[in-house]
Amino acid sequence: MTDTLSNQSPHSEMVPTAAISIEGVSYNYGKRKALDDVSFQVLPGQFTALLGANGAGKSTLLSLITRLFDTPDGTISIDGKSFASHGSKALAPLGVVFQQTTLDLDLSVRQNLRYFARLRGMSSSFAKQRIEETLSALEMFERVDERVRDLNGGHRRRVEIARSMLHQPKLLLLDEPTVGLDIQTRRVIVNHIHNLAKADNVAVLWTTHLMDEIWDEDHLIVLDKGKIIEDGTVREILAKNEANSVSDVFESIIIQEEERLK
Amino acid sequence: MIDGLMIRALYGILYREFLRFFQQRARFLSALVRPLIWLLVFSAGWRQTQGLAPYAPYQTYIPYEVYMIPGLCAMIQLFNGMQSSLSMIYDREMGSMRVLLTTPLPRWFILVARLFAGVAVSLLQVYAFLAIAFFFTYFEFLELDIDPIGYITVLPALVICGFMLGALGMALSATVKQLENFAGVMNFVIFPMFFISSALFPLWRIKDLSYTFYQFCTYNPFTYAVELIRFALHGQFYAEGALVVAVTSVIALGLAIYAYDPSRGLKAKGKKG
């Protein structure tokens, strides 16, 4: 396996290095297969929605990408650096927003972000600047000295997104980040991340089972029972399946898969 | 091996540990009240009956509170070591540990840095306790009579003992699946370690009472931690204690690094597919 996509192509100058490249990844829990030969790429500036029902393998895939689990089969490379050859250093260009809140509730927003900045090796002055920038972009800077415990779910989520962007990652991973949030907050977050991908050329991998979070120009990957069953732009997938919406595609794919397995 | 990222990350981990410690005032108070109760109530009550004849490292007859001080310093570090491990399990269950594990830092460094931060907090607690004990001596409530230089010579001993007790707690936390299970482990670890040691009574006196009990005490690394602190507090070096504490630290830390699985309690380990 090569470390970079550009190494694979004879026209390496023309093909951007994938922000994340996953090749032939499989994973089992005992005898149960959670992921089966999964391969895909996310390019810089691309918003990729990873769609799948509960148990499809999304969380396992994210645990492998974040190196919480070791990858027994296949290769995962972030910005051209594989875990196999670079170890934990390959995680440097990665920003993550987990489904579960991972902020320290008893610390203030500023203290949480400062702690994270140190873990990412940022200097005090740069951290200060980025804390202001990322929180301001999410209209949270005025609450920088409040304890996280005193914030509501939507504001906590915004702080987590700001934290994930603090070190200017090339790949942003979000695991169902809008779960439990009201419609307005969901819309704000979905819009913000879509804009971020374009403006900052950040690759986004967004897992969800909510169809309205996926836009027509997005890259869509549909995962079912550990396998990728669709991979392309939303428009391509709609045209291929002669469907009007992602929701219709998803339902028909799932029904077809269930019938095939009967 | 150690780069700029690691130094900044270590600073970050220390920063968070101290912030959390000072915000948890009850933890700070209980860390001080527990040994002070032992010192004031237990030693005052037993002072008349438990005075000790001269034996190393002591040059003269000593009152019982002088004997107890090293054991209580080690007790603070024992509780702190287990408390740090408890907070690691809490962080693992609450998800904060995931933030650490998704940084470009090696896993061994993350565990060592957490351990180092725990030791730093335990030093603060021990010196706060010694300062209060010094205050009681100044106003003649106690007769501690420790040479001021002892407060400096004890520092390396406290560092190495804190490291051992923290590493033991970390190795235990790596094997515990859920937060609730850790309370039981603490009861089976903290109390036996403390009581089956030389923290409260000298080994020669224990040997006179029960040879079997004495043997158990000599198998307990906590005994060597207490004695190392005792000698260091009086400006002397206890080589056997230092060796046992250092070897135990390395083994416990090695076990913790080997056994630490961030996904434990969340999911089973995967197999080659």
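**Ground rules.** I number residues from 1 along each chain as its sequence is written, and chains are lettered from A and ligands numbered from 1 in the order in which they are written. Since I am reading a predicted model, local features need pLDDT of at least 70, side-chain atom pairs count only at pLDDT 80 or more, totals for chains, interfaces and linings use all residues, and side-chain values use heavy atoms, with hydrogens and water left out.

**Entry 1: the count.** I looked for salt bridges (a side-chain nitrogen of Lys or Arg within 4 Å of a carboxyl oxygen of Asp or Glu). I found 21 of them over all chains.

**Entry 2: A:Glu176 and A:Lys58.** These side chains form a salt bridge, at 3.6 Å from N to O. I traced A:Glu176 to the loop between β7 (171-175) and α7 (183-200) of chain A, and A:Lys58 to helix α2 (residues 58-65), so to speak a link between distant parts of the chain, 118 residues apart. Helices (H or I, at least four residues) and strands (E, at least two) are DSSP runs, numbered from the N terminus. Next I checked burial: buried means under 20% relative accessible area, exposed over 50%, and partly exposed in between (1.4 Å probe, protein chains only). A:Glu176 is buried at 8%, and A:Lys58 is buried at 5%.

**Entry 3: A:Glu230 and A:Lys240.** Here I noted a salt bridge of 3.0 Å, N to O. A:Glu230 sits in strand β10 (residues 227-233) of chain A and A:Lys240 in helix α8 (residues 234-241), so the pair ties together parts ten residues apart in sequence.

Entry 4: B:Asp91 belongs to helix α3 (residues 64-94) and B:Arg114 to helix α5 (residues 107-138), 23 residues apart. Both residues are buried.

**Entry 5: a negative patch.** Last, I looked at the surface, where B:Glu140, B:Glu143, B:Asp145 and B:Asp147 gather in a patch of negative charge. Such a patch joins like charges within 9 Å, from residues with over 30% relative accessible area and no salt bridge. I placed B:Glu140 in the loop between α5 and α6 (150-175) of chain B, and B:Glu140 is exposed at 71%.

Key
Patch = residues over 30% accessible without salt bridge, like charges linked within 9 Å, V, L, I, M, F, W, Y side chains within 5 Å. Areas by Shrake-Rupley, 256 points an atom, 1.4 Å probe, with all protein chains shown as cover. Lys, Arg positive; Asp, Glu negative; His and termini not counted. Charge placed at Lys NZ, Arg CZ, Asp CG, Glu CD.
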